[in-house]
Amino acid sequence: MTRRDFIEKSGNSYLAMMALGFFPEAPAKTFDLARNEKPNGKKVIILGAGLAGLASAYELGKLGYDCVVLEARERVGGRIWTIRKGTTETELGGEKQICQFDEGYYLNAGAARIPHHHHLTVQYCRELKIPVEIFGNLNEAGFQYSESNRGALANKRVRAREIHADMRGYLTELVAKAIDQQALDLEMSKEDVDRYVAWLREEGDLDINKKYKGSERHGYEVAPGAGMRGGTIAKPYALKDIVESGLTHPAFANVGEYTFNQQPVLLQPVGGMDMIPKAFEKVVGDKVKRSCEIQEIRKTNPGVRIVYLDKKTGQKHEVKGDYCICALPLPILKGIPSDLSGDVQRVADFVPYMETCKIGMQFKRRFWEEDDQIFGGITKTNMDITQIFYPAHGMLGPKGVLKGMYNFHGLAKKVGELSIADRQKLAFEQGSRIHPQYKDEFENAFSLAWHKIPYSKGGWGIYSDAARQRLYATMTKNDDDIYFAGEHASNLPAWMAGAFESARYAVELLHKRVSAG
């Protein structure tokens with residue numbers, strides 16, 4: 001049996017591939033472009049002070065370029081946005097909202113986690129001296145809740161570990177039975193088959209007869225303790241009840257354990273995700289001009305001319321440069337009059353952005369820790385709120401802000417159309433079915449629909465396979481003197497690493513061109 005055969009039979013799992021050495025250790029190096037020739041005063045105009053724009057300015061500054069970053073907002077970071085006390089936002093067509101969280105509490109409204117193998121993101125944290133801590137992405141103590149009109153487990157909260165343990169047990173039992181009946185085409189020796197069956201027994205906690213009859217992995221009815229209390233293992237849920245109640249719906253899949261970009265361990269900056277753009281701001285802040293809304297992007301062949309509106313004065317201005325790095329989200333770019341090529345305009349027109357909603361909810365006490373022993377991680381449901389994220393910081397503290405909703409696509413569009421008060425009501429009512437403590441402990445909330453946030457208009461770019469083949473290459477090339485950066489200009493959409501990787505890619509292309517004369 002070849003390594004490739006094994007991986008295919010293992011579902012192409014990341015763990016299997018890593019164990020077999022298919023993934024080398026990720027490098028962690030500073031960006032070290034050759035400086036054989038000086039930029040000779042070349043000026044680069046960077047559009048957008050999100051991570052891609054900030055990283056572009058940071059790296060170009062190291063190389064001696066004259067940079068200016070034009071940002072429409074009053075803050076830097078773009079979709080790296082941490083909601084804190086006093087944060088103010090008015091959605092497109094919506095009402096003004098002011099965050100009432102207590103001082104020191106926050107919600108990461110955009111990016112919230114750093115995979116350990118996103119080496120460039122980790123490197124920037126190291127390089128800019130941003131302290132990080134563990135982000136609790138997986139937590140078997142979290143709940144699953146299926147709203148359903150049938151099944152013994154419907155409309156009941158059950159621990160993730162209970163469902164995962166039982167489903168893993170039933171699955172491995174089925175495979176073991178199939179092997180006994182020679183129903184699987186296994187191109188392995190008898191000795192290797194025996195080893196595989198032994199692994200199945202261990203993986204599913206099967207008994208000597210390869211039957212799943214329950215496991216301590218599911219949990220205890222009576223926990224073991226001192227004296228004669230040895231503990232009583234809880235009975236497993238019947239496979240029929242799990243399936244019938246809807247707990248095998250894709251919404252409950254344990255993708256975090258297997259998805260490459262959500263593999264443990266994940267990290268987060270201490271104090272909020274905005275610590276990352278703030279660290280860049282300390283280095284390149286003098287290059288950033290805020291409240292500058294881009295009005296036109298023009299080519300002067302050679303060079304570029306950018307027209308922007310100073311939102312504070314209401315006056316229009318223009319700035320000229322030798323090159324431009326455009327790090328604007330595509331929904332914003334497509335609304336700006338420009339001389340961009342037809343290829344670039346097609347990408348902006350035909351690559352949609354994710355509709356997604358979140359809500360941060362502050363509670364008087366951390367009941368999820370005190371009552372339910374949940375420290376970080378996620379609860380999943382098929383209700384409109386989709387997910388509840390528990391904060392992996394401030395544990396054992398007096399209060400906490402949890403993410404009471406994180407949904408996508410049509411659900412997010414529907415929820416995003418609700419008023420701020422109705423969104424809060426929805427999150428409160430549905431969350432209360434899982435955590436009845438909401439009713440006594442809730443204090444205040446702040447919600448957002450990314451597709452209605454000015455200067456973003458979406459969570460992240462979504463390429464279908466066909467669209468990536470047809471359109472993506474345009475983002476990897478310059479359009480005369482204009483280059484592109486942002487998560488949509490990478491193969492890591494939705495991740496900070498995509499913004500960083502694209503920024504370095506654009507800087508390298510530009511610098512090589514300048515160095516070549």
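1. D481 is found in the loop between α16 (465–471) and β24 (482–484); helices (H or I, at least four residues) and strands (E, at least two) are DSSP runs, numbered from the N terminus. The model is a predicted one, in which local features need pLDDT of at least 70 and side-chain atom pairs count only at pLDDT 80 or more, while totals for chains, interfaces and linings use all residues. Residues are numbered from 1 along each chain as its sequence is written, and side-chain values use heavy atoms, with hydrogens and water left out.

2. With a relative accessible area of 6%, D481 is buried (under 20% relative accessible area, 1.4 Å probe, protein chains only). Its side chain makes a polar contact with the side chain of R513 at 2.6 Å. A polar contact is a pair of N or O atoms within 3.5 Å; within protein, one must be able to donate a hydrogen and the other to accept it, and residues adjacent in sequence count only if both atoms are side-chain atoms.

3. Leaving aside residues up to four places away in sequence, D481 touches P302, G303, V304, D322, Y323, C324 and R513, where contact means heavy atoms within 4.5 Å.

4. Y65 lies in the loop between α3 (51–62) and β2 (66–70). Y65 is buried as well, with a relative accessible area of 5%. The side chain of Y65 makes a polar contact with the side chain of H511 (2.9 Å). Not counting residues up to four places away in sequence, the residues that Y65 touches include P39, K42, V44 and L60, and also L510, H511 and V514.

5. Y65 and I242 are 177 residues apart in sequence; from C-alpha to C-alpha, they are 60 Å apart in space.

6. The protein chain has 17 helices and 24 strands. Its radius of gyration is 26 Å, close to the 24 Å that the globule rule gives for 517 residues, so the chain is as compact as a globular protein of that length. The radius is taken over C-alpha atoms, and the rule is 2.2 Å times the number of residues to the power 0.38. Along the principal axes, the C-alpha atoms fill a box of roughly 80 × 60 × 40 Å.

7. Buried residues make up 53% of the 517 residues in the protein chain. Among contacts with a separation of 6 or more, residues 24 or more positions apart account for 69%.

Notes: Buried means under 20% relative accessible area, exposed over 50%, partly exposed in between (1.4 Å probe, protein chains only).
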